[in-house]
Amino acid sequence: MKRRLLILFALASNHFIFSQKIEKMNRVDVDGFYTNPIVSPDGKFTLVTGHHFKGVYLLNLKTNEIIQISDKDGSGYGYSWDNNNEMVYFKQKEAKEYFSDSKVYSYSLNTRTTTFMPEIDINMLSSYHGKEKNATSQIVVYTNMNTLKIEAKDLISKKSWVITSEEGQYYNALLSPDGKKVAVHNGSDIYVYDINGNGKGQKIGTGIATSWSADNQHLLGFLDSSEDGHNVTNSELYLFDIKSLTSKKVSNTEVLLEMFPSFMGKDKVLFTDDKTGAIYTAQLKM
Amino acid sequence: MKNIFKIVMAVLFTVSMQSQIIVIDPGHGYGATTSDNPDGRTATEIETALEVGLRTRTLIQNSCTWTVQMTRTTNLNSWVSVTQRGQMANNWNADRLLSIHCNAGGGTGTETFYCTQDDTNTPPDVAFAQKIQTDMVSGGSWNNRRCVEDNSFLAYHLGVLRYSAATGCLNEIGFVDSADATKLTSSTWRDAFALSYFNALKSDLNLTCATTPAPGIFTLTVTPECNGTTSRMALSWTTSANATAYDIYRNGTLWDSNITTTSYTNTNGVVAGTNYTYSVKAKNTGATQTANSNGIVSVIALNCAVPGAFTMSVTPECSGTGTPRNKLTWTTSANATAYNVYRNGVLYASSLTGTTYTNTAVTSGTTYSYYVVAKNTTASQTTNSNGTQTVVALNCAVPGSFTISATAECSGTTSRVNLSWTASANATSYDVYRNGNLYASDVTGTQFLNTFITVGATYTYSMIAKNNIGTLANSNGTVSATAVVCAPGSFTATATATCSGTTSAINLTWTASANAISYDIYRNGNLYASDVTGTSFLNTYLITAGTTYTYYVKAKNAAGTLNNSNGTLSATATNCSGAKISEENNVKETITISFYPNPTDGILNLEINISEIQNIHYMIIDMNGRMIKEANLDTQRSINLSQLPSATYFVRVVVNGQEFVKQIVKK
């Protein structure tokens with residue numbers, strides 16, 4: 001009964017009394033269960049998905065209008081924005097296809113049209129942010145499905161190279177906005193590598209990194225925990241400092257299962273609560 | 001050695017990635033030590049789950065070419081959160097996720113859960129879970145506990161299934177805290193459990209791992225090329241072991257099939273500039289096909305048409321910093337992908353993709369020739385249709401300092417002012433100003449001869465050097481020169497015997513000598529008459545019929561004298577005593593004028609032999625040719641020179657169209 005009162009009090013005030021590094025938390029007024037948000041570079045929209053990472057939705061953070069871009073399997077993981085906030089990229093597969101046969105599509109916010117993009121590999125999707133005009137180099141990162149190493153490829157020169165030369169089964173590579181560093185996951189840990197592949201990975205913490213700060217100095221992520229290893233019983237947000245290789249917990253609630261934080265501008269964060277599928281925004285106390 | 005072989009085989013099968021991807025998730029795991037047990041699970045569960053998982057992977061890899069990955073492959077340093085397990089499956093494109101656990105709490109048998117929370121497509125999860133459950137019951141000889149949706153029995157959703165997009169289930173093999181534990185730790189039973197999983201996966205995926213070995217790993221290369229003017233794609237691939245044929249996929253759909261060689265040329269439906277993706281699948285009689293290991297290959301079709309006609313122009317110009325450059329622009333050549341610029345017949349810039357080129361390495365005043373060649377991937381190239389264009393690089397610096405000088409001189413008999421100057425650096429031409437006004441423009445060279453002048457007049461000169469950047473005046477200011485009198489010019493004379501009434505006479509005539517002011521007549525070698533004006537002289541005085549007289553004429557001015565060019569003339573006087581004076585022969589009386597006194601103190605008198613003459617025009621000219629005084633005389637016969645300074649002057653008198661010039665001295 002006491003705990004219920006505490007939850008009610010917290011939700012009513014929109015502020016949590018726990019010692020945490022986020023404040024001014026607001027729930028985005030949209031119905032449904034959503035997760036894995038990726039906020040657009042200008043912070044006006046976010047992509048989200050639903051249960052089982054199925055479907056792609058575009059949420060207007062100003063009007064709270066939400067539209068579905070895809071309802072296909074495989075579409076809720078790895079989607080990305082172009083740098084101009086005009087296009088989103090996602091993958092999807094048909095019912096009888098394998099996930100590895102998924103195909104990449106673009107969706108235009110202006111024309112609301114979906115276009116097949118055969119030239120983009122599904123594994124490079126999350127670090128692909130649109131074709132850059134007059135660029136001499138366009139780097140993407142991906143997991144080599146044969147070796148489970150993280151590799152980088154220059155889409156212009158077609159040259160590719162290995163980032164993670166150490167032993168490991170890597171996943172979820174996250175390219176920094178300036179294209180110079182890559183956050184990767186090996187087991188439960190997060191490492192940061194230089195894009196050139198010459199250096200060794202530096203461990204910055206544990207969990208899942210989900211968003212780089214625009215200045216390339218921080219990563220946001222989360223770490224879920226379980227009482228028995230079967231279901232998630234808690235999850236908190238973490239801020240990782242790339243220079244000092246330290247992390248700090250920025251949320252500390254018993255009420256929410258904060259997951260998948262995404263930077264909204266310099267010091268604002270958008271994340272989802274995995275209990276309810278609600279979307280929240282909050283101010284980060286960096 | 002066996003281990004090495006196993007590793008090699010594992011690598012070979014791992015890199016031979018197939019479309020269907022299985023992720024096996026042995027539950028839980030330790031931290032750095034077995035005492036670091038974040039999930040608080042038993043060693044039996046942690047180690048059995050891994051061992052059965054590894055054995056399942058081995059079965060798959062030894063028999064099939066599916067790709068199989070594991071969320072952990074060790075017991076130590078292997079704990080990962082349930083969300084991370086789901087992320088691994090998503091990142092690795094898992095089609096099936098099998099999470100392996102062991103039960104606790106007392107009981108016996110196996111049970112399988114699936115998670116269909118808000119899932120719109122539940123049959124695949126249910127079918128997969130049921131197949132796992134069925135095969136584990138039979139293959140593991142287990143009591144069939146249940147196969148149900150997780151939340152319906154557990155009252156929560158299993159994290160690993162919830163966060164994965166793959167079709168998945170979680171199997172609790174048996175109980176660690178009952179008699180089941182004996183089977184869980186038995187190697188034989190672990191093999192049986194792995195085989196059950198393997199068979200269930202094959203069945204659920206509707207795949208058979210046939211005895212026919214799957215096609216081996218191979219790589220694909222796609223090269224865009226031209227066949228004449230036709231664009232095409234040349235595909236070649238390394239041999240896939242065990243393959244009997246290959247299927248070609250273009251843009252994700254089957255393009256051609258059953259290719260038995262290791263190359264293929266795509267000639268149909270290839271449009272220049274279009275991006276195409278290709279992949280190849282090796283196949284044999286087995287069910288499994290092997291895609292090229294380097295993934296989808298993306299290439300852009302070449303433009304193979306001969307570049308079209310185009311024209312080019314070159315404009316010399318100056319940059320904003322004042323350096324010369326030649327700017328080439330050309331119209332677009334259809335089908336061209338790049339252009340080469342040739343300068344002076346030599347390739348100068350290549351592979352330009354735009355339609356302009358600025359040649360900055362040029363020297364002012366130097367001539368350059370250019371032509372442009374349009375090219376693409378074909379062997380044929382097209383040169384600009386308007387041929388080689390030639391330009392002279394501009395001078396882009398303002399004119400440099402220079403000085404001028406003006407010298408009065410004669411060119412033969414012509415008086416002129418020789419204006420010359422030092423060259424102004426960078427100047428392309430000059431403007432000449434005379435007496436403050438623009439007199440000649442766009443003069444080139446370093447000399448200007450001003451002949452349109454009046455002798456004795458003084459002229460001032462200045463100049464401006466020019467080019468397309470600016471102008472500069474000569475540094476030494478205005479210079480002046482006074483036009484000089486030039487020596488008399490060549491002339492010829494004739495001497496003819498004639499009669500003046502009944503008087504014998506010799507009529508001496510001559511062509512006008514340029515610049516001459518008067519003439520002296522020499523008869524028989526002696527000065528006979530001086531300061532004669534006009535071009536004739538009738539010699540009547542002391543002419544004796546039958547006598548021969550010689551004459552020559554000396555033209556005069558201040559600059560000198562010159563005899564008639566045809567030498568001494570002679571004429572023999574005729575006898576005129578019998579001559580009658582007819583009306584027709586009435587000879588007009590010759591006008592003679594004399595001036596006196598000479599030298600004079602002020603008044604110069606004129607004595608004219610014909611008293612009726614009026615309207616006499618006179619000018620007084622100094623020795624520099626400048627006119628000092630001018631007036632008309634009617635009946636007067638004197639000129640007042642008293643106001644003039646003492647000097648030598650010329651007095652020029654015109655009477656009835658005849659000119660008389662006399663040098664006088666004013667005292």
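These legends describe several close-up views of a predicted model. Residues are numbered from 1 along each chain as its sequence is written, chains are lettered from A and ligands numbered from 1 in the order in which they are written. In this predicted model, local features need pLDDT of at least 70 and side-chain atom pairs count only at pLDDT 80 or more, while totals for chains, interfaces and linings use all residues.

**View 1. Chain A holds one helix and 23 strands.** Helices (H or I, at least four residues) and strands (E, at least two) are DSSP runs, numbered from the N terminus. Chain A has 286 residues, and 50% of them are buried. A buried residue has 20 or more other C-beta atoms within 10 Å of its own; 12 or fewer make a residue exposed, and those in between are partly exposed, with C-beta atoms placed from the backbone. Take the contacts in chain A between residues at least 6 apart in sequence: 39% of these join residues at least 24 apart. Two residues are in contact if their C-beta atoms, placed from the backbone, lie within 7 Å.

**View 2. Chain A touches chain B.** Here 37 residues of chain A are in contact with 47 residues of chain B. Strands E13 (170-175) and E18 (218-225) of chain A each supply at least two residues to the side of chain A that touches chain B. E18(A) gives the largest share of that side, three residues. By class, the side has 12 nonpolar, 17 polar and eight charged residues. Ala, Val, Leu, Ile, Met, Phe, Trp, Tyr, Cys and Pro count as nonpolar; Asp, Glu, Lys and Arg count as charged; the others, Gly among them, count as polar.

**View 3. Four strands of chain A form an open sheet.** The order is E1-E23-E22-E21, and the pairing is antiparallel. Two strands pair if DSSP finds at least two bridges between them. E1 (22-27) and E21 (258-263) of chain A stand at the edges, each with a single partner strand, so one side of each has no neighbour in the sheet. From one strand to the next, the twist averages 30 degrees. Four bridges join E1(A) to E23 (residues 279-284) of chain A. Asn26(A) sits opposite Thr281(A) in E23(A).

**View 4. Two hairpins share strand E4 of chain A.** E3 (residues 45-49) and E4 (residues 56-60) of chain A run antiparallel, joined by four bridges. Leu47(A) has Leu58(A) in E4(A) as its bridge partner. Six residues lie between these strands, and His52(A) in this hairpin takes a positive phi near 60 degrees. E4(A) also pairs with E5 (residues 66-70) of chain A, in the antiparallel sense, over four bridges. Val56(A) stands opposite Ser70(A) in E5(A). This second hairpin has five residues between its strands, with Asn64(A) in the turn at a positive phi of about 65 degrees.

**View 5. Phe175(B) is buried.** Phe175(B) belongs to strand E6 (residues 167-175) of chain B. Around Phe175(B), 25 other C-beta atoms lie within 10 Å. Cys102(B) is 73 residues away along the chain, yet the C-alpha atoms of Phe175(B) and Cys102(B) are separated by 5.9 Å. Beyond its neighbours within four places in sequence, Phe175(B) is in contact with residues including Asn103(B), Gly107(B) and Asp180(B).

Technical notes
Axes are lines fitted to C-alpha atoms, for helices over the stretch in contact, and angles run from 0 to 180 degrees between N-to-C directions.
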